[in-house]
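Please go through the fold of this chain with me, starting with how its elements pack.

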Amino acid sequence: MSEMRVLRRPLVTEKMSALAEETLVVRQYAFEVEPDANKIQIRNAVEKKFEVKVTSIRTITIRGKMRRYGRFLGKRPDWKKAIITLEKGQTIGLFEHA
């Protein structure tokens with residue numbers, strides 16, 4: 001799998017913003033990643049794309065919710081979240097806000 005396809009999108013939520021503000025020295029960021037990507041592929045993709053040094057990665061697979069579509073039941077797809085911890089003093093400019 002190529003490194004560009006590993007990262008789907010950044011997750012900018014209130015919970016992740018609070019986590020980034022809480023730990024001012026060590027930054028943590030969240031990404032939605034491909035479900036079959038492993039931690040080594042995620043590390044390589046983040047380091048190559050944002051030119052930072054990753055110290056740790058935590059991953060979790062989120063199960064899709066059951067939803068109603070009119071009179072039919074359906075299921076949203078499962079997806080994978082990766083929480084990336086960077087080395088001291090490094091940031092990803094994508095997440096910085098004014």
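Q: At about what angle to β3 does α3 run?
A: This is a predicted model, in which local features need pLDDT of at least 70 and side-chain atom pairs count only at pLDDT 80 or more, while totals for chains, interfaces and linings use all residues. Residues are numbered from 1 along each chain as its sequence is written, and side-chain values use heavy atoms, with hydrogens and water left out. Helix α3 lies across β1, β2, β3 and β6, where contact means heavy atoms within 4.5 Å; axes are lines fitted to C-alpha atoms, for helices over the stretch in contact, and angles run from 0 to 180 degrees between N-to-C directions. Against β3, the angle of α3 is about 125°.

Q: In what order do the 4 strands of the open sheet stand?
A: Helices (H or I, at least four residues) and strands (E, at least two) are DSSP runs, numbered from the N terminus, and two strands pair if DSSP finds at least two bridges between them. β1 (7–10) and β3 (54–62) each have a single partner strand, so they stand at the edges with one side left without a neighbour in the sheet. Neighbouring strands are turned by 30° against each other on average, direction ignored. The pairing is antiparallel and the order is β1-β2-β6-β3.

Q: Which residues of α3 are buried?
A: Buried means under 20% relative accessible area, exposed over 50% and partly exposed in between, with a 1.4 Å probe and protein chains only. On the other side of α3, Ile-40 and Lys-48 are exposed. The buried residues of α3 are Ile-42, Ala-45 and Val-46.

Q: How far does α3 reach from its first C-alpha to its last?
A: α3 spans residues 39–50, which is 12 residues. The expected span of a helix is 1.5 Å times one less than its number of residues. The reach of α3 is close to the expected 16 Å, at 16 Å.

Q: Which residue has a side-chain oxygen that reaches the backbone nitrogen of Ile-40?
A: A polar contact is a pair of N or O atoms within 3.5 Å; within protein, one must be able to donate a hydrogen and the other to accept it, and residues adjacent in sequence count only if both atoms are side-chain atoms. At the start of α3, the oxygen comes to within 3.2 Å of that nitrogen. It belongs to Asn-38.

Q: Which residue in β6 is the bridge partner of Gln-28?
A: Gln-28 lies in β2 (residues 28–33) and counts as buried at 15% relative accessibility. β2 pairs with β6 (residues 79–86) in the antiparallel sense over 6 bridges. A polar contact of 3.2 Å joins the side chain of Gln-28 to that of Thr-85, and the bridge partner is likewise Thr-85.

Q: Which residue takes a positive phi in the hairpin of β4 and β5?
A: β4 (residues 66–69) and β5 (residues 72–75) run antiparallel and are joined by 4 bridges. Tyr-69 stands opposite Phe-72 in β5. The hairpin has 2 residues between the strands, and the residue with phi near 70° is Gly-70.
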